[in-house]
Amino acid sequence: MEVNGSAGCGLRPEHLLKSIQIAEGWEFSQVEDQPERSSEWLPVSSFPTTVHADLAYRGLIPDPNVAKNEEHVQWVGEQSWAYRTKFESPSLSPTQKAVLAFDGLDTHATISLNGKQRLKTNNMFTPERLDITKHLNKTTGNELEIVFESSYFVGKKIVESDPDHKYGCWN
């Protein structure tokens, strides 16, 4: 998260950009088709992370980078996955803003803060900035959730919606 000042031409220390890492307390879960997830939430192995790394760390899949293990874990990319964490609101002066900075969400991601959808992305190479200043819960803390939709199935839907188009490799 970035906290930055927005007003005035003279820069005082409280107006300078300050980054706060939200790197602790992340957990992940497979997203089921039903609105209520039946999968268990598990702590991530490290952060930043990937689903494959987290599953391999927990011994739930073989390391996809070894031998031909990738063939045995194709199902991972055919699922949607969610990551979530909780964090406290930063102290802000009246001129400061809290901005979430995402520099590589791969690829079709929906970001929710405190249960409300705030952003949808569809390109890992487009950095995203999300001003959450007015959406922070200053008394009870905040929950950030990122749901990664299966790019495989998103691509299949796009192909099905335009059968006359000749797609090369879309996934």
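The model is a predicted one, so local features are reported only at pLDDT of at least 70 and side-chain atom pairs only at pLDDT 80 or more, while totals for chains, interfaces and linings use all residues. Residues are numbered from 1 along each chain as its sequence is written, and side-chain values rest on heavy atoms, with hydrogens and water left out.

Three helices and 10 strands make up the element list (DSSP runs numbered from the N terminus, H or I of at least four residues for helices and E of at least two for strands). Starting at the N terminus, the order is β-β-β-β-α-α-β-β-β-β-β-β-α. Among contacts with a separation of 6 or more, 60% join residues 24 or more positions apart, a contact being heavy atoms within 4.5 Å. Of the 171 residues, 36% come out as buried, that is, under 20% relative accessible area with a 1.4 Å probe, protein chains only.

On to the inside. The largest nonpolar core holds 27 residues, and Ile-111, Ile-132 and Ile-146 have the most contacts within it. Such a core is a set of buried Ala, Val, Leu, Ile, Met, Phe, Trp, Tyr and Cys residues joined through side-chain atoms within 4.5 Å. At least two core residues come from each of helix H1 (51-57) and strands S5 (80-87), S6 (96-102), S7 (109-113) and S10 (142-148).

Six of its seven residues are buried. Tyr-83 sits opposite Ile-146 of S10, and Ser-112 has Glu-145 of S10 as its bridge partner. Beyond neighbours within four places in sequence, Ile-146 touches a list of residues including Trp-26, Trp-81, Phe-102 and Leu-105.

A pocket here is an open set of points on a 1 Å grid over the protein atoms alone, where a 1.4 Å probe fits, with protein on both sides within 12 Å along at least five of seven lines; lining residues have an atom within 4 Å of a point. Its lining counts 41 residues, with Thr-49, Thr-50, Gly-104, Asp-106 and Phe-148 nearest the centre. H1, helix H2 (74-77), S5, S6, S10 and helix H3 (151-161) each give at least two residues to that lining.

Notes
Buried means under 20% relative accessible area, exposed over 50%, partly exposed in between (1.4 Å probe, protein chains only). Two strands pair if DSSP finds at least two bridges between them.
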